[in-house]
Amino acid sequence: MKTKFVTTTLSVIICALLCFTAFAPVVACAEDQNDLVLIMSGGMMDDKVYVDVDVRVNRGVGTLKLLLDYDTNVLSYSRALNTSEALKSLAYTTTGKEVDADGIRYLYGPGKTDTSTGRLLRLYFNVADGAKAGTYKIGLTVEGALDGTKDIDVAVYGARVELKDDNTVTIVTETPVET
């Protein structure tokens with residue numbers, strides 16, 4: 001009798017779990033939903049903050065135009081290193097320096113569709129003297145992304161620069177911004 005009770009109870013639990021699993025909502029991450037996924041991460045090197053921009057997913061890009069967005073009160077842009085690892089077949093152009101109202105842009109292409117992934121850029125910043133402890137964002141705004149002639153979906157995981165009172169710096173990757 002006890003064995004029948006245990007067997008029946010286990011059967012009911014297993015059926016309930018199977019039903020729950022079958023109807024559970026499926027949550028897709030940005031990497032599954034987008035044609036292009038950019039991830040920003042970084043650290044400190046020689047008293048400079050660096051942020052790497054990596055292409056994690058690339059289903060095909062012919063043109064990509066990015067605008068750098070960061071807190072200019074705390075960080076000053078130093079330079080960008082184009083690693084030629086990702087989007088390596090597309091021509092690379094940048095404004096190279098901050099232009100008052102226009103900001104700093106990076107343009108890849110136009111060209112034949114490129115599906116390469118890996119490191120796209122390494123961005124370098126100086127931290128302002130006397131900068132207060134806090135969290136400051138560094139991101140990229142996608143101003144245009146095409147695969148040939150059609151727009152593509154892009155997710156950008158930006159970065160947060162966390163300055164501590166003891167002058168240590170941590171770079172944290174943020175959640176994606178869909179564009």
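Mentor: Let's talk through one leucine and its surroundings.
Mentor: This is a predicted model, so local features need pLDDT of at least 70 and side-chain atom pairs count only at pLDDT 80 or more, while totals for chains, interfaces and linings use all residues. Residues are numbered from 1 along each chain as its sequence is written, and side-chain values use heavy atoms, leaving out hydrogens and water.

Trainee: Where is leucine 140?
Mentor: Leucine 140 lies in strand 8, residues 134-147. Strands here are DSSP runs of E, at least two residues, numbered from the N terminus.

Trainee: Is leucine 140 buried or exposed?
Mentor: Leucine 140 is buried, at a relative accessible area of 7%. Buried means under 20% relative accessible area (1.4 Å probe, protein chains only).

Trainee: And what is leucine 140 in contact with, beyond four places in sequence?
Mentor: Its contacts (heavy atoms within 4.5 Å) include Met40, Val53, Leu67, Leu68 and Tyr106. The C-alpha atoms of leucine 140 and leucine 67 are 5.4 Å apart, though 73 residues separate them along the chain.

Trainee: Which residue is the bridge partner of leucine 68 in strand 8?
Mentor: That's leucine 140.

Trainee: How many bridges join strand 3 to strand 8?
Mentor: There are 8, and the two strands run antiparallel. Two strands pair if DSSP finds at least two bridges between them.

Trainee: What about strand 6?
Mentor: Strand 6, residues 105-108, is antiparallel to strand 3, with 4 bridges. There, tyrosine 108 stands opposite leucine 64.

Notes: Buried means under 20% relative accessible area, exposed over 50%, partly exposed in between (1.4 Å probe, protein chains only).
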